[in-house]
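Hi everyone, thanks for coming. Let me put the structure up on the screen.

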Amino acid sequence: MKKNKIAPAKGKLGVLIPGFCGAISTTLIGGVEAVKAGKGEPIGSLTQMGRIRLGKRTDKKNPLIKDFVPLTDLKDLVFGGWDIFDENLYESAKKAEVLEKPQIESLKKQLSALRPMKAAFDRKYVKNISGPNVKKGKNKYDLALQLIEDIKDFKKKHGLDRAVMIWCASTETYIPEHDVHTTLAKFENAMKADHPAVSMSTLYAYAAIKCGVPFANGAPNLSCNIPALIELAKKTGVPICGSDYKTGQTLMKTIIAPGLKARALGIRGWFSTNILGNRDGEVLDDPESFKTKEVSKLSVLESILQPETYPQLYRDLYHKVTINYYPPRGDSKEGWDNIDIFGWLGYPMQIKVDFLCRDSILAAPLALDLVLFLDLARRAGLGGTQEWLSFFFKSPMHAPEVYAENDLFVQLEKFENNLRHLMGETLITHLGTEYYK
Ligand SMILES: NC(=O)c1ccc[n+]([C@@H]2O[C@H](COP(=O)([O-])OP(=O)(O)OC[C@H]3O[C@@H](n4cnc5c(N)ncnc54)[C@H](O)[C@@H]3O)[C@@H](O)[C@H]2O)c1
């Protein structure tokens, strides 16, 4: 197989983060600094700890992914970003209460040096928070131009050739796809006319793609996931992906559901609820932001279980998801699932899951991996939607003619085979007949 031409990861890579002061961003940056200083292990990160099988099982070749594909080293990452708050990242990490105090203190020097740029923000799209560090502009197009200037200045200031933008800002209110999202011309006119269907996350995505900067969407709001920007990314060869990091409850769901389906077990109901007390929980306490999240969380079962293909097993499935804002828990979320399943002759059974997780501890390594893989994609000449990165998302972007692939194990295979393909390695089919000849 022919190997793709991949430009080397020379020099520094900028990592631009809308939502710079938030829980995921501070956990990501604090985590990278801790790993660099030998004060922690990058657990949960495929780029840092994952391995990939190459060739036959008898070849016993399982290199680290980072030794197989040319990725940027952690020491070459330069972080910057925007937030509506103007505190440095040391203060922000203390407020986020994800990393523990002694760990934050040990990173004080690195974190204090980082301050957010002024955000493009409008409370219409995130109702439950407000802050002082916000741009002023004639209209939304003017805000997008200011973001483009920020990106250019950041790259110049740090002498960067390459950068990636990753959305770690709050989930915006629900906006269904609108006619103004369909073409670039309509979208640019809508920015100039301050159209309500143009949310702030779409401005950041527009600015990134215009600057040739790959964009990943860690939240369920639209951002890069509109036809106008997908087309622009494809035309300009800029890789994009989304949406919404697959972390706690949805990660569990996309592990369990494929297993039940694999055994042809039926599911009558799946009740999921969460308590969460961080700022994300506060934002999601607004029904309009929750609606965006709900759509993303509900979509996974349908595409995994395919009720139209398996009507006796999944036709009547009742799926309910709620999130309750409960401040005492902070970032330490608890997610309960009650799954009503049925087996042989229709006899009912139940599965209960109680996942006591830490939301941002699960999300930070995904954000890191997405940054490094998007940069790889850019250097390998891959533009437009990167479906092979579905593995990281609750609601993966995909070509319009196919359904989203939500099964974690199919996503993993797709991801690994894409890396093998990129490097000219044989794809692994698991056929295995060669061992019995
Ligand atoms: N933590 C997880 O496991 C997880 C999983 C999936 C998705 N997400 C999503 O990731 C996003 C970040 O999560 P978090 O826990 O870090 O939230 P957070 O509330 O701690 O941080 C979000 C930050 O974004 C800032 N912000 C809001 N609007 C902005 C704008 N227009 N420009 C710049 N900054 C803006 C806020 O001020 C805040 O500091 C949320 O949308 C969340 O729903 C989180």
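I'll talk about a sheet and then about the nonpolar cores.

Quick housekeeping: this is a predicted model, where local features need pLDDT of at least 70, side-chain atom pairs count only at pLDDT 80 or more, and totals for chains, interfaces and linings use all residues. Residues are numbered from 1 along each chain as its sequence is written.

Strands here are DSSP E runs of at least two residues, helices are H or I runs of at least four, and both are numbered from the N terminus; two strands pair if DSSP finds at least two bridges between them.

If you look at Trp 336, its bridge partner in strand 10 is Asp 354.

Now the cores. By that I mean sets of buried Ala, Val, Leu, Ile, Met, Phe, Trp, Tyr and Cys residues joined through C-beta atoms within 7 Å, where buried means 20 or more other C-beta atoms within 10 Å of a residue's own, with C-beta atoms placed from the backbone. The largest has 107 residues, and Tyr 204 and Leu 370 are among those with the most contacts inside it. Helix 15 (residues 359–379) gives this core its largest share, 12 residues. Apart from it lies another core of 11 residues, including Trp 270 and Val 300.

Terms used. Buried ≥ 20, exposed ≤ 12 C-beta atoms within 10 Å, placed from the backbone.
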